[in-house]
Amino acid sequence: MNSSTDVTDPVAAPAVARPVLAARNAVAVVFALNGLASAAWFSRVPAVKEALELSAGRLGLLLLAASVGALVAMPTSGLITQRFGAARTVAYSTALLTLALAVIGLSAGLAGWLPGVAVGLFALGYGSGTCDVAMNIEATGVERRLGRTIMPRFHAAWSLGSVAGAGLGAGAARLGFPLAAHLAVLAAVVLVGTLLAVRAFLAAAPAPSTDDAKPGADAAARRRAQLAAWREPRTLLIGLLVLVAAFTEGTANDWVAVAFVEGYDLSEAAGAAVYGVFVAGMTLGRTAGTVALDRWGRVPVLLATISVAGAGAALAVLAGSGLVAIVGVALWGIGASLGFPVGLSAAADDEERAPARVSVVAVLGYTAFLGGPPLLGFLGDHVGTLRALLVVPLVLLPTLALVPATRPLKR
């Protein structure tokens with residue numbers, strides 16, 4: 001066993017049962033489709049901003065609706081997944097988030113109706129938050145059964161979906177394709193693909209016998225486990241690390257297209273393409289990251305990637321040249337690629353307590369999406385959206401002290 005990563009020797013991989021391999025592929029598809037749905041929205045943020053005639057500050061407050069929805073979902077998403085299983089939870093939450101995409105498109109693209117967009121964003125955040133926890137719990141289960149590091153590759157699939165979504169968004173913007181039609185078509189594709197994929201998820205573990213137990217004992221035990229996870233120092237430190245990782249990634253998702261349109265005088269289509277560069281960097285980092293993690297372990301790799309993310313974000317703002325700034329965006333994406341998935345893997349080291357711990361870490365991580373949009377919007381109104389992005393390297397530097405908490409648990 002590799003002492004740095006505490007995973008089973010990859011030589012054992014050929015003996016993996018076919019259902020596990022099928023579940024691996026299904027999880028990758030779900031991650032990719034979820035990324036496609038997210039990028040469909042993020043790539044059209046400039047179009048929504050223009051359609052609703054919003055300032056940076058008001059856009060930040062609007063984006064807060066999605067963050068609130070995600071945070072409302074987080075405290076119960078682990079319990080819901082334990083109760084109904086990952087497959088059903090992913091299916092129902094994806095149905096909600098795809099409906100929300102269609103509502104956003106219709107409200108902004110056809111009606112110019114701000115309240116409708118806000119409601120759609122809340123539902124998008126709630127569906128995405130619930131789906132995120134459920135599909136990551138399924139992913140950690142598949143990773144354990146495969147006996148090797150694979151979680152970053154699931155997130156790389158998410159990033160690949162994001163690259164596709166960003167490309168489609170840039171193309172739709174350049175061709176003048178209606179926002180409502182763009183989001184509705186992609187929503188339908190994501191929903192159908194997800195419903196087909198979850199059929200290959202791992203079979204849910206049989207519920208324990210309750211012949212001698214009081215009614216509701218299992219639910220009470222799950223609630224106690226959830227509360228206990230909130231008192232674990234390691235889980236909380238990992239959660240803080242994931243919070244900063246989510247802020248680093250989410251800031252680029254929400255603002256990099258707008259920042260380059262306003263700060264470097266690019267077109268809306270070019271701004272969406274710059275966002276595509278960021279997610280391409282994320283994809284590269286997550287694809288190569290599995291090899292690096294198995295070879296050097298979580299701590300050295302995270303220290304290196306967090307440093308790269310800070311340097312890239314600073315370069316994107318301070319370069320002065322659009323082309324050099326785009327290189328910074330690519331480095332930002334590569335560096336930001338591993339914090340979130342590695343944090344979730346670390347929280348799930350103990351399979352029995354994984355749902356509760358992953359839920360706690362996800363709650364803390366999604367807090368970044370609550371504070372990030374209004375913070376960047378407020379700063380954008382005062383110093384410009386591009387300059388406001390300098391907050392990213394400033395918060396990344398102290399995060400290096402949290403990385404040792406991700407060391408694998410002894411088994």
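Which residue lies over the face of F84, and at what distance from the ring centre? I looked it up: R83 does, at 5.1 Å. A charge counts as over a ring when NZ of Lys or CZ of Arg is within 6 Å of the ring centre and within 35 degrees of the ring normal.

Ground rules before I go on. I'm working with a predicted model, where local features need pLDDT of at least 70, side-chain atom pairs count only at pLDDT 80 or more, and totals for chains, interfaces and linings use all residues. Residues are numbered from 1 along each chain as its sequence is written, and side-chain values use heavy atoms, with hydrogens and water left out.

**Aromatic pairs**

I searched the whole structure and got four aromatic pairs. Rings of Phe, Tyr and Trp (its six-membered ring) pair if their centres lie within 6.5 Å; planes under 30 degrees apart are stacked, over 60 edge-to-face, the rest tilted. One of the pairs is F31 with F154: the centres are 5.8 Å apart and the planes sit at 25°, so I log it as stacked. F31 is in helix α1 (residues 18-42) and F154 in helix α6 (residues 151-175), so this pair ties together parts 123 residues apart in sequence. Helices here are DSSP runs (H or I, at least four residues), numbered from the N terminus. Both F31 and F154 are buried, meaning under 20% relative accessible area (1.4 Å probe, protein chains only).

Next I checked F278 and W332. Their ring centres are 5.8 Å apart with planes at 75°, so this pair is edge-to-face. It links F278 in helix α10 (residues 268-296) to W332 in helix α12 (residues 322-335), 54 residues apart. F278 is buried at 0% relative accessible area, and W332 is buried at 0% too.

**P152**

I found P152 in helix α6, buried at 1% relative accessibility. Its C-alpha atom is 8.8 Å from that of F340, 188 residues apart along the chain. Leaving aside neighbours within four places in sequence, P152 is in contact (heavy atoms within 4.5 Å) with R286, T290, L293, L338 and P341.

**Helices α4 and α7**

How do α4 and α7 pack? Helix α4 (residues 86-111) and helix α7 (residues 179-197) are at about 175°, axes 8 Å apart. The axes are lines fitted to C-alpha atoms over the stretch in contact, and angles run from 0 to 180 degrees between N-to-C directions. So α4 is roughly antiparallel to α7, the word for angles over 145 degrees. The contact includes V90 and L101 of α4, and L183 and V190 of α7.

Notes
Helix = DSSP H or I, 4+ residues; strand = E, 2+ residues; numbered from the N terminus. Buried < 20%, exposed > 50% of the residue type's maximum accessible area, 1.4 Å probe, protein only. Parallel < 35°, antiparallel > 145°, perpendicular 65-115°, else oblique.
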